[in-house]
Amino acid sequence: MTGRETAAIAIRDVAKSYGATGVLRHIDLDVGAGDVTAILGASGSGKTTLLRLIAGFDTVDRGRITIGGRVVDDAGRAIGPQHRGIGYVPQDAALFPHLNVAANVGFGVPRAQRRARVGELLELVGLAGLGRRMPHQLSGGQQQRVALARALAIRPQVVLLDEPFSSLDAALREVVRGEVISILQRTDTTTVLVTHDQDEALSLADRVVLLRDGGIDADGSPQDVYQHPASPQIAAAIGTANVLPGRRAGQRVHTAFGVLVCADAGGDPQVGPCRVLVRPEQLRLSVPPGSGDTVALVHAVRYHGHDTIVELEGVSGMPELIARSAGPTPPWAGAQVGVAVIGEVHTWPDPGGARPSLDLGAAGERQASRERDHESERRDEQEAVADVVAEEHQPDRSGHDGLHRERDGGDARRPATVEREAVGDQRDRATDQQRP
Ligand SMILES: Nc1ncnc2c1ncn2[C@@H]1O[C@H](COP(=O)(O)OP(=O)(O)OP(=O)(O)O)[C@@H](O)[C@H]1O
């Protein structure tokens, strides 16, 4: 996001209802010039409605929309779509069926410039030489590229894409969406992409805006909204989310998988019960389980070729876990696997949360042994650990006091140390996994 002053589109307190159906209740959004902004949300969350309001196909009930510094709708007066300087690419290309490709692209371009502009655009979208074809003589992907060329023909300030790839089959979708976004980036076009596909939003956009219940639930870079969502609900809306019970102790969090490093390690240290976000790709599986591993049972396996989604059960405090296994030989349903968490994790405070079960067995023992070896590295977290220990002396409702104190008083090493060891453990397990 490039900031309010340079926003190509500014939306202020916009509301929209259809009869008794309130669709958008309060939208405040700045779209940065030249950015690709994805509007993500479940079906019916109002994504298309928002796009139609920006385009001018519909009018706001309340609020104001500004494009390129010009107010185009302020709930009293609205400028027509043809005067907003926007290009629109709908879901199904919607080419004029009786016009050939060149005429479709050149529609709306002044006659004197038409020939040159059409040639330039067909070149840009990789369709040079196909100007005389009729729409029905093109593939779905080619039709979408013609629709993009038509949208770009008037040199718009802004291009709006309404689920433009959803009608394409999976293999074509991947290629066409990459090409389309690359063209828009090369031409420095401000782009708003509506999609319900999390993968599409995260992989194509500079910024992801999540719509829910008529408002904006999340707004940030793809990395930010995926790795640091503000709530478990948002985490689940952006991708698959395992949410574990945990207990923060400064920069660490104690979980059924041992002590993990928190992603917000540089921020304010937190102490106490929390929920922990672990994405499927952060779960490393080893078959058979190593002696110190947390063990789970594989409930189901969905093979995708490039990776495999593995449903796990049997981990304390978690009815189900979803892992993404990238290896060439995924585990099978019914197998017992060792599970470890890699990388840093995101947490949310959970003041009313239950204390996680911290029965780590051999893993806990191994960790305790490492802790003794690294006594000198404890100093940087003494304060947070002291807080936890003090809290442990409060009346205990869970009955796990002894075990908990032993573990919380434990790992206080620097995050990088813990992480290195975790990676080292994973390498060991990966080696094990190669064994028949
Ligand atoms: N012209 C209309 N008249 C009445 N209701 C409408 C109209 N357009 C949209 N709605 C309603 O507004 C809500 C939001 O619709 P919208 O198409 O914006 O959602 P969406 O997030 O784009 O959904 P999808 O992903 O399924 O396309 C839905 O409940 C829909 O039924």
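A: The model is a predicted one. A reading may begin with the secondary structure, which here comes to 12 helices and 20 strands.

Q: What percentage of the 436 residues of the chain count as buried?

A: For this chain of 436 residues, the buried share is 39%.

Q: Which residues does UniProt list for "domain: ABC transporter"?

A: An unreviewed UniProt entry lists residues 9-238 under that name. In the model, this span is 34% helix and 28% strand, and its end C-alpha atoms lie 24 Å apart.

Q: Why is G258 classed as buried?

A: Burial is judged by counting neighbours, with 20 or more other C-beta atoms within 10 Å as the cut-off. G258 is buried because 24 other C-beta atoms lie within 10 Å. G258 belongs to strand β13, residues 258-261. Between the C-alpha atoms of G258 and G246, 12 residues apart along the chain, the separation is 9.7 Å.

Q: Which residues lie around the ligand?

A: A shell can be read by its members and by the elements that supply them. Those around the ligand include Y18, T21, V23, K47 and H196. Both β2 (21-32) and α1 (47-55) supply at least two residues of the shell, and α1 gives the largest share, 3 residues.

Technical notes:
Residues numbered from 1 in each chain as written. Predicted model: local features only at pLDDT ≥ 70, side-chain atom pairs only at ≥ 80, totals over all residues. Helix = DSSP H or I, 4+ residues; strand = E, 2+ residues; numbered from the N terminus. Buried ≥ 20, exposed ≤ 12 C-beta atoms within 10 Å, placed from the backbone. UniProt positions renumbered as here; feature names shortened; annotations may be inferred. Near = placed C-beta within 6 Å.
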